[in-house]
Amino acid sequence: MPRDTMSATSDEALLALYARGEPAAARALTQRLVPRVMAYAARLLGDRAEAEDVAQEAMLRLWRAAPGWRAGEAKISTWLYRVVTNLATDRLRRRGRRGAHVGLDEAAEPPDPGPDAVAQLAEGDRMAALNGALAALPDRQREAVVLRHLEGLSNPEIAEVMGIGVEAVESLTARGKRALMASLSGRRDDLGYGE
Amino acid sequence: MNESDLDRLLGAARANPPAAGAGLMARVLEDALAAQPRAAAVPQAPVQAAVRPAPPVRRPGFWARLGAGLGASLGGSGVLTGLGGAALLGLAAGYADPTSLGWLTDGLPFSTSTQLELLPTAEIFLTEG
């Protein structure tokens, strides 16, 4: 199947093609899904190497699930977010959340250098501060805030990923944002929000 | 920091997601191709293996086909048996000594013989006129 046709094909249709042995579908799904999976894992874990391991493991589970995937039963992106959430939670529990959010400083750097190097540095500082504040949140609040405000999912989608009701999602995101503001309020001037 | 500041910060973070490196992309694709079902292995092979070939149909021999054809054209095997019996009786009557068939002809109403001369003046064909 041509590449432009692949780009217009849904995730579910691509997975069905993959299960029938179409190699182009494997490439299209990898290019489409891995960046999102990696970004979400990195934001939950705060460690680039661990996030890559989780992203690879989540995608491997998708490949293995492909032959038995039933169309219409679950959205692939939702399924992947759920798998990444579970894998990241396991890792966070194992390491006791020590030394988190070291590797994200590099990832948070804007890839395209702007005209003002000072402004870039300030932006990098803001991202580092946000990542640190996210790491300090309880797991469920962090998951809800990341899915809502960084991954752009709707509340019903988050509810499906987290296996809770929509009202619980709203409560988690609201408490998470309040906690982030409280955590960052002491650095308001440092982060350039003072004036 | 107020909520507006936080929303701006979250918006900036959303616009710059942690990127997936080329190494990760290559590893995931390698996993995908290794785990991918083969196109040739799509369900048909086991189905074909499970179906036993049908035994060959044995074609009936010449005599069997001839008998069946005659029977069918003459009205069935009962008629064919009757015809066969009559043929055998005719053969037996032809080979047997006529005197021994008295038991068969004695009961007939025309058992007394009568001479009948169909051409009493047969000489007429020999006489030149």
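Reply: Axes here are lines fitted to C-alpha atoms, for helices over the stretch in contact, and angles run from 0 to 180 degrees between N-to-C directions. Helices (H or I, at least four residues) are DSSP runs, numbered from the N terminus. The model is predicted: local features need pLDDT of at least 70, side-chain atom pairs count only at pLDDT 80 or more, and totals for chains, interfaces and linings use all residues. Residues are numbered from 1 along each chain as its sequence is written, and chains are lettered from A and ligands numbered from 1 in the order in which they are written.

In chain A, helix α8 (residues 139-150) packs against helix α9 (residues 155-162) at an angle of about 140°, their axes 10 Å apart. From α8(A), A:E143, A:A144, A:L147 and A:R148 meet A:I158, A:V161 and A:M162 of α9(A), contact being C-beta atoms, placed from the backbone, within 7 Å. Five of these residues are nonpolar, none polar and two charged (Ala, Val, Leu, Ile, Met, Phe, Trp, Tyr, Cys and Pro count as nonpolar, Asp, Glu, Lys and Arg as charged, the others, Gly among them, as polar).

Nine of the 12 residues of α8(A) are buried (20 or more other C-beta atoms within 10 Å of their own, C-beta atoms being placed from the backbone). Among them are A:V145, A:V146 and A:H149. Just after α8(A), A:G152 adopts a positive phi of about 75°.

Technical notes
Helices (H or I, at least four residues) and strands (E, at least two) are DSSP runs, numbered from the N terminus. Two residues are in contact if their C-beta atoms, placed from the backbone, lie within 7 Å.
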